[in-house]
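Please keep the structure open while going through them.

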Amino acid sequence: MQQTEQQIFLNHIAQTSPFPFLIEIEKAKGVYLYDKNGKSYMDLISGVAVSNLGHQHPKVIEAIKSQVDKHLHTMVYGEYVQSSVNQLAKTLTSHLPSHLNSVYFCNSGAESIEGALKLAKRITGRTELLSFKGAYHGSTHGALSISSNENKKYRFRPLLPDVGFLKLNDFEGLDRITTKTACVIIETIQGDAGVRIPQQNFLKALRKKCNETGTILIMDEIQSGIGRTGKLFAFEHFDVEPDILCTAKALGGGLPLGAFIAKKEYMDLFTKNPMLGHINTFGGNPVSCAAAAATLEVILEDGFLEDVERKGKIFEDSIRHPAIKEIRRIGMMFAIEFDSAEIVSKIVQECLKNGVICFWFLSCPDSFRIAPPLTINDDEINTACEVINNAIKKSI
């Protein structure tokens with residue numbers, strides 16, 4: 001008996017939860033996804049902060065097609081000179097502080113975290129890793145070790161040893177950073193915790209403490225980077241610079257790509273004692289890098305980043321209900337908080353029924369997430385907000 005697409009998905013694709021959305025995607029264009037029956041869904045989460053230019057952006061598609069006609073994978077990372085990889089590295093480093101001049105490309109955000117942790121240990125010769133309560137850095141063993149949600153961790157122990165957690169905006173807690181600390185890793189904007197924004201002077205104090213103790217400061221911009229907050233990277237809002245920067249998600253323009261970035265003197269440590277101290281097969285895939293270079297070209301066009309804040313403010317001003325406890329926002333990265341996870345679930349499902357995709361946070365179930373494509377226009381914003389407001393009214 002022939003199986004339906006949903007049956008194949010449920011029976012043969014490993015599942016992450018008992019309640020997937022189960023939209024059968026036929027195509028995507030701009031801010032919309034379309035199912036096999038032609039129903040449209042406005043994608044207000046951008047595939048969870050991936051599709052910052054929406055779906056099928058013409059410049060990204062053109063770059064992919066051009067690279068596909070040249071070559072796909074040719075060799076493991078770090079052996080061959082490839083123009084699309086070079087172009088992306090040059091563009092990235094030219095828009096970053098001068099010390100962030102060497103890029104290690106990988107396949108995902110979690111991989112960028114793993115590489116950054118290894119590099120911090122290699123630079124310092126130390127073992128202690130400090131992260132923050134509320135942090136989410138990925139699901140691989142190292143990334144999970146420095147993530148905060150114990151409910152997601154306890155069945156997968158043992159994890160990395162010598163890991164501790166600080167509290168965001170707790171100045172006294174910074175005294176836990178010592179000359180035994182290899183690195184402190186912080187999401188510049190905490191994503192899974194529900195868009196938690198650090199105080200400006202806290203990040204400055206953190207940077208100062210890391211300088212004093214010789215500790216490497218890693219900033220995780222997997223969600224907040226590539227224009228999401230109205231800057232290319234969110235650390236630009238705070239006048240604080242990392243020693244190692246992690247990025248992924250939107251970087252690849254819809255294709256898998258991650259990177260960690262540091263100064264060349266640090267990155268060169270992976271080339272000796274031991275040689276091939278960090279290596280992977282598909283990192284810097286030439287097609288993904290071509291898509292990423294085209295993505296950056298669009299995002300760095302005059303006025304594009306400035307318009308992110310304007311659009312974000314329209315959303316913030318338009319979503320209104322007395323039951324909303326708080327809207328946390330930077331650029332177009334939102335958490336909209338209510339009294340309970342049950343209310344949030346009802347709102348998300350009601351929006352979905354009416355063709356607007358919102359989502360939740362693993363570690364902040366009382367808030368729902370929106371992270372729209374940065375290319376969304378004002379009319380689309382107004383339509384989305386009308387659907388959200390109606391969903392809130394029906395769910396309270």
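1. In which strand is the place of Lys27? Lys27 sits in strand β1, which spans residues 25–29, and, as this is a predicted model, that placement is a computed one. With a relative accessible area of 52%, Lys27 counts as exposed, because the cut-off for that class is over 50%. Apart from its neighbours within four places in sequence, Lys27 is in contact with Leu33 and Tyr34. Between Lys27 and Leu206 there are 45 Å in space, C-alpha to C-alpha, for a separation of 179 residues in sequence.

2. On the chain as a whole, the protein chain contains 13 helices and 15 strands. Its radius of gyration is 21 Å, close to the 21 Å that the globule rule gives for 396 residues, so the chain is as compact as a globular protein of that length. Along the principal axes, the C-alpha atoms fill a box of roughly 60 × 55 × 50 Å.

3. Of the contacts with a separation of 6 or more, 72% are between residues 24 or more positions apart.

4. Helix α4 (residues 83–94) packs against helix α10 (residues 286–299) at an angle of about 35°, the axes being 8 Å apart, and the crossing is left-handed. From α4 the contact draws on Ser84, Val85, Gln87, Leu88, Thr91 and Leu92, while α10 supplies Pro286, Cys289, Ala290, Ala292, Ala293 and Leu296. Sorted by class, this contact has nine nonpolar residues, three polar ones and no charged ones.

5. The backbone deserves a check at the following places. Most residues other than glycine have a negative phi, and most peptide bonds are trans.

6. Asn273, which lies in the loop between α9 and α10, has a positive phi, near 50°, and is exposed, with a relative accessible area of 65%. Leu22 likewise has a positive phi, near 60°; this residue belongs to the loop between α1 (5–12) and β1 and, at 30% relative accessibility, counts as partly exposed.

Key:
Residues numbered from 1 in each chain as written. Predicted model: local features only at pLDDT ≥ 70, side-chain atom pairs only at ≥ 80, totals over all residues. Heavy atoms only, no water. Axes fitted to C-alpha atoms, helices over the stretch in contact; angles between N-to-C directions. Helix = DSSP H or I, 4+ residues; strand = E, 2+ residues; numbered from the N terminus. Left-handed = near helix turned anticlockwise from the far one by under 90°. Contact = heavy atoms within 4.5 Å. Nonpolar A, V, L, I, M, F, W, Y, C, P; charged D, E, K, R; others polar. Rg over C-alpha atoms; globule rule 2.2 N^0.38 Å. Buried < 20%, exposed > 50% of the residue type's maximum accessible area, 1.4 Å probe, protein only.
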